[in-house]
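Let's take a walk through a protein together. Look over the sequence and the 3D structure, then read on with both in view.

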Amino acid sequence: MNTSSTSSILTHIVSKTFAGIGVLDLLHNGSVAFFNHQRASTLVKALTGVGFGLASAASDWIFGGCMVYDLVALAVGQSSIDSGWGKLLGAYAVASAAIVGAKNLARPPYNHSSTGYSRTAAEEVEDRV
């Protein structure tokens with residue numbers, strides 16, 4: 001990603017946001033298709049916590065923020081079926097936000113000494129014009 005280009009940054013943010021919303025869509029549609037109005041088992045609850053925790057730890061602030069949004073949306077939706085599960089999802093959202101925040105405070109994204117970005121010939125021509 002070219003951090004000096006606004007269009008590159010906006011494209012990056014939009015693509016990661018769509019990916020994060022896609023996770024919510026996948027989880028929601030999968031659960032509705034196969035487990036409509038059923039309570040989550042202990043295994044599902046544990047795997048949800050571990051999966052979202054690992055996803056939050058491995059992601060940057062954009063995708064991590066989407067993971068938090070997904071958990072909040074799931075918590076609101078599931079609270080009408082099982083309030084305990086909804087509260088647990090809310091706790092997972094708080095924990096996920098803490099993981100994303102701590103990771104990004106410890107190692108801020110996009111502040112690397114070498115970005116690995118190399119200019120293309122078209123960009124060099126644009127700079128000369």
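To follow the walk you need one term: helices (H or I, at least four residues) and strands (E, at least two) are DSSP runs, numbered from the N terminus.

Residues are numbered from 1 along each chain as its sequence is written, and side-chain values use heavy atoms, with hydrogens and water left out.

Here pLDDT is the predictor's confidence in each residue, from 0 to 100. The protein averages 82, and 81% of its residues score at least 70. Among the elements, helix H4 has the highest mean pLDDT, 92, while helix H5 (residues 121–128) has the lowest, 60. Where pLDDT is low, the predicted coordinates should not be read in detail.

Now for the overall picture. The protein has five helices and zero strands, giving the pattern α-α-α-α-α along the sequence. Call two residues in contact when heavy atoms lie within 4.5 Å. Of the contacts with a separation of 6 or more, 73% join residues 24 or more positions apart.

How much of the protein is buried? The term means under 20% relative accessible area, with exposed over 50% and partly exposed in between (1.4 Å probe, protein chains only). By that rule, 22% of the 129 residues count as buried.

Let's zoom in on helix H2, which runs over residues 42–58. Its 17 residues reach 24 Å from first C-alpha to last, close to the 24 Å expected at 1.5 Å a residue; the expected span is 1.5 Å times one less than the number of residues. Which residues of H2 are buried? They are Thr48, Phe52, Gly53 and Ser56. These residues cover an arc of only 115 degrees around the axis, so they sit on the same side of H2. The arc is that of the directions from the helix axis to the C-beta atoms. An α-helix has 3.6 residues a turn, so residues three or four places apart point the same way. The buried residues of H2 pack against helix H1 (6–34), helix H3 (61–78) and helix H4 (83–106). Turned away from this buried side is a face that carries the exposed residues Leu43, Leu47, Val50, Leu54 and Ala58.

Return to Thr48, which counts as buried because its relative accessibility is 15%. Leaving aside residues up to four places away in sequence, Thr48 touches Trp85, Leu89 and Tyr92. Its side chain also reaches the backbone oxygen of Val44 at 2.6 Å. That is a polar contact, meaning a pair of N or O atoms within 3.5 Å; within protein, one must be able to donate a hydrogen and the other to accept it, and residues adjacent in sequence count only if both atoms are side-chain atoms.

Finish at Lys103, in helix H4. With a relative accessible area of 32%, Lys103 is partly exposed. Lys103 touches Ser56, Ala57, Ala58, Ser59 and Asp60, not counting residues up to four places away in sequence. A polar atom of the Lys103 side chain lies 3.3 Å from the backbone oxygen of Ala57. Lys103 and Ser56 are 47 residues apart along the chain, yet their C-alpha atoms are separated by 8.9 Å.

Conventions
This is a predicted model: local features need pLDDT of at least 70, side-chain atom pairs count only at pLDDT 80 or more; totals for chains, interfaces and linings use all residues.
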